[in-house]
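Have a look at the fold before reading on.

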Amino acid sequence: MFELALDYQYATIKDSLNGALFQVCPLDYKFITKEHEKTALKRVFYFIDAFLLFNNNALNLGKVPTFLAINKMSAIPFDKTDRKFMSMALGLARKGLGYTTPNPAVGAVIVKDGKVIGRGWHKRAGTAHAEVNAIRDAGSEAKGADIYVTLEPCNHTGRTPPCTRAVLEAGIKRVVIGAMDPNPKVKGGGAQFLRKKGLQVETGCLEGECMRLIAPFAKHMRTALPWVRLKAASSLDGRVASRTGHSKWITNEQARGFGQELRQWSDAILVGKNTALKDDPSLTFRKRGRPSKKLLRVILDSRLSLPLELKVFEVSGEAPTLVVTTLDAPKEKSRALEERGVQVVKLPASPEGQVDVRELMKFLGASGIQSVLVEGGAHVHGSFWDKGLVDEAFFFFAPIVIGGKEAPSSVLGQGVEKVSQAPRLHEVKCRWFGDNVLLSGLVSNLERFWS
Ligand SMILES: NC(=O)c1ccc[n+]([C@@H]2O[C@H](COP(=O)([O-])OP(=O)(O)OC[C@H]3O[C@@H](n4cnc5c(N)ncnc54)[C@H](OP(=O)(O)O)[C@@H]3O)[C@@H](O)[C@H]2O)c1
């Protein structure tokens, strides 16, 4: 039997048969933006629907909205403890973010009698998966334990044997999964295999966060295009540089430290010609305590007019450079760059006579790049927004005012005609770095990569 209590903000539904408690926000579903809230709502409404069906509408639902998109997924409530352990698994997975391409970043935690006895994450492609590392960490203690894993365990042999086997052989009794495998060919296979073998398998714990973690992997697998993150650091009045083009430093050291984290998560970093020229950045990944990693530096230069002396043209194994230009670019300059070890790619020009960023994304996706961090400047940002290529955005703000009509704002390009056409972020997060603030959110709808 369900009991329903409504207050100002929430409806609380108690299933008195198993004591499960659900909180429902009495707003229209479309206003619920956080992925995990949506997932929770799906479960709650699955129950309500079932209840209404069997109890002839006996329950007065009061302010609770009509739920349209009923997803008949497993209606298992996850409690605080489950969410705590899945959060730990997510934290472990994040350590591997940016190092595992072409594989996704995955974390796993093994728990027995309420204690964590094993931790693991996927460190690099070709090495052991998260579940296997966690099982090794737990040793024989894993028998009879629960495993929390951010992604459905694989059930096929790739570069390593299937993780479902390792879970089974370790004697794990309960498997809590965050996100299902986005690959439609294998989705559900791991969970099904383990269920058939008699393990208790529960799916969808912190599902939204687990999906977000592997969004680049999911998008690339479904579309062969990279996930695009765009980062801008601006003053309160939205300027990314002064009228003279000076931009060092708008944000503080802490905020810039997080900028390095964004580089860690990415396979490639991309800037426009003017940024490469004015700032002469090295565009490398430098973060104390983190292993070094390969980061492809992509520079847009439609006529190959940049001087060869720039830092981005000093290439190494970990910092390769790709200059993207158009078919009319001078051959001699292209040769001079290639002699320095820089890769030059010529693409047909866009109608504006510049690098066609859509074609470029296809090229990068086909080269195995799953995630690109677009770091400016304002014109390049404009092109990415105008072409609808941004999947996730990170806007840092410092409490300064630059002003001046010649000072660029963070996004130029064409822009929209009406405010109602403006792309809107969802799942918006706000984070403070001293007195600087970061507003970030998704532009893409993750669920389309899992449908
Ligand atoms: N605060 C921040 O977050 C931040 C970040 C980066 C840069 N900045 C500042 O921003 C300023 C540079 O920005 P910016 O807007 O002048 O230049 P930009 O966006 O860095 O570069 C624009 C140039 O890139 C080339 N390009 C090639 N294909 C393009 C395409 N599809 N779309 C756009 N550009 C393309 C074009 O030159 P060609 O036609 O000759 O190829 C274009 O003029 C600097 O002052 C820098 O310090 C600030």
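Helices here are DSSP runs of H or I with at least four residues, strands are runs of E with at least two, and both are numbered from the N terminus. Just past helix α3, G139 has a positive phi of about 65 degrees. Keep in mind that this is a predicted model, where local features need pLDDT of at least 70, side-chain atom pairs count only at pLDDT 80 or more, and totals for chains, interfaces and linings use all residues. Residues are numbered from 1 along each chain as its sequence is written.

Now for α3 itself, residues 130-138. Seven of its nine residues are buried (20 or more other C-beta atoms within 10 Å of their own, with C-beta atoms placed from the backbone). Among them are V132 and I135. The buried residues of α3 pack against these elements, by contacts between C-beta atoms within 7 Å:

| Partner of α3 | Residues |
|---|---|
| β4 | 107-112 |
| β5 | 115-121 |
| β6 | 146-151 |
| α4 | 163-169 |

Helix α2 is on that list of partners too.

What about the largest nonpolar core? That's a set of buried Ala, Val, Leu, Ile, Met, Phe, Trp, Tyr and Cys residues joined through C-beta atoms within 7 Å. It has 108 residues, and A89, I147, Y148 and V149 have the most contacts inside it. Helix α2 (residues 80-96) gives the most to this core, with six residues. Leaving out residues up to four places away in sequence, Y148 touches F85, M86, A89, A108, V109, V111 and V176. In soluble globular proteins, nonpolar side chains tend to be buried together.

Methods. Buried ≥ 20, exposed ≤ 12 C-beta atoms within 10 Å, placed from the backbone. Contact = placed C-beta atoms within 7 Å.
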